[in-house]
Amino acid sequence: MILKKTTAIIAMLSIVFMSACSEDQDTSAASAENATLNKSVSLKEESAGLNQRSGELSGVNLGLAGDFVILSKSGITDVFQSAITGDVGTSPITGAAILLECVEVTGTIYTVDAAGPACKITNSTRLTSAVGDMQTAYTDLAGRINPDFVNLGAGDIGGQTLTPGLYKWTSALLIPTDISISGGPDDIWIFQVDGTLDMSSGVNITLTNGAQAKNIYWQVADAVTLGTTSHFEGNILGATGINLKTGASINGRMLAQTAVTLQMNTVKKPQ
């Protein structure tokens with residue numbers, strides 16, 4: 001009799017123990033499933049947050065200035081022969097300050113008066129509006145706040161790969177060796193430079209992963225100099241002069257609030 005009771009008690013304890021283990025396993029499985037779900041949701045939220053942050057940076061409206069590959073307020077000098085693809089103009093200075101020859105320009109040369117190259121078109125109204133839009137765009141770019149990068153490389157970005165975002169340098173910027181600009185076709189880059197921008201001779205900017213020159217903006221408070229046979233990408237909006245040394249090339253725009261100087265250069269408006 002005692003043996004039967006003992007056996008019954010052991011059997012009942014076994015059932016209780018097995019049930020508890022089963023419940024523990026179910027609870028552990030549920031906890032693991034919830035953790036995985038929460039992690040997935042967290043990653044999705046983080047990704048959405050990153051996408052939202054990257055989408056906050058927008059390009060600048062160049063207005064009529066965007067129709068030009070070179071736009072200057074005080075003239076364009078040139079050492080023959082340069083190859084310019086896109087429209088060219090100066091204002092308010094007279095057309096006589098455009099020293100390009102017609103054969104060098106695949107596009108239209110606009111002047112404010114009857115002076116200038118023989119192939120020019122006089123349209124002071126269009127030029128006045130374009131210069132006004134250039135200055136507005138410069139102010140917009142210079143006024144962007146909360147940069148993603150401040151004084152990257154202490155003003156020397158040689159060898160860097162630049163991802164989309166807002167960059168600011170509080171003094172001069174030097175590009176002594178090749179750099180790449182990497183991002184998608186809709187990404188935006190804005191570079192604010194409070195001093196000069198100097199690119200050394202033979203140095204190249206390369207676009208990767210679909211990045212487009214039309215979405216890259218260099219706002220420069222002082223002179224810009226592109227060294228001999230260097231290659232540059234993006235739109236330069238300069239508060240002073242933009243100077244290209246012999247054989248330098250640019251896929252972008254040069255929008256200068258003073259002069260542009262050329263020396264046998266290749267300049268192409270970005271598509």
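Strands, in the sense used here, are DSSP runs of E spanning at least two residues and numbered from the N terminus, and in this predicted model threonine 90 is found in one of them, strand β4. With a relative accessibility of 0%, threonine 90 counts as buried, since the term buried applies to anything under 20% relative accessible area. Leaving aside residues up to four places away in sequence, threonine 90 touches Ser72, Gly75, Ile76, Ile98, Tyr110, Val112 and Leu127. Threonine 90 also lies 9.8 Å from glutamine 257, C-alpha to C-alpha, although 167 residues separate the two in sequence.

The chain has two helices and 24 strands, and of its 271 residues 38% are buried. Its accessible surface comes to about 13200 Å², with 56% of that area belonging to carbon and sulfur atoms. When contacts between residues at least 6 apart in sequence are considered, 45% of them join residues that are at least 24 apart.

Strand β4 takes its place in an open sheet of 10 strands, paired in parallel and ordered β7-β6-β4-β1-β22-β19-β16-β13-β10-β8. One of the residue pairings between them sets leucine 71 against glycine 89, its bridge partner in β4.

Helix α2, made up of residues 124-142, lies across β1, β4, β6 (109-111), β7, β13 (189-193), β16 (216-220), β19 (235-238) and β22 (254-256), and its direction is at about 90° to that of β1. Leu127, which is among the residues that threonine 90 touches, falls within the span 124-142 of this helix.

One disulfide is counted in the model, and it joins cysteine 102 to cysteine 119 with an S to S distance of 2.2 Å. Because cysteine 102 lies in the loop between β4 and β5 (105-106) while cysteine 119 lies in the loop between β6 and β7, the pair ties together parts that are 17 residues apart in sequence. The torsion about the S-S bond is about -105°, and the disulfide is therefore left-handed. Cysteine 102 is partly exposed, at a relative accessible area of 29%, and cysteine 119 is likewise partly exposed, at 36%.

A further set of pairings is built around strand β12, which spans residues 179-182 and is covered on both faces, with Ile179 and Ile181 buried on one side and Ser180 and Ser182 buried on the other. Strand β9, residues 161-162, pairs with β12 in the parallel sense over two bridges, and here leucine 162 stands opposite isoleucine 181. Strand β15, residues 205-208, also pairs with β12 in the parallel sense, over four bridges, and in this pairing isoleucine 179 stands opposite isoleucine 205.

Technical notes
Residues numbered from 1 in each chain as written. Predicted model: local features only at pLDDT ≥ 70, side-chain atom pairs only at ≥ 80, totals over all residues. Heavy atoms only, no water. Buried < 20%, exposed > 50% of the residue type's maximum accessible area, 1.4 Å probe, protein only. Contact = heavy atoms within 4.5 Å. Areas by Shrake-Rupley, 256 points an atom, 1.4 Å probe, with all protein chains shown as cover. Pairing = 2+ DSSP bridges. Axes fitted to C-alpha atoms, helices over the stretch in contact; angles between N-to-C directions. Disulfide = S-S within 2.5 Å.
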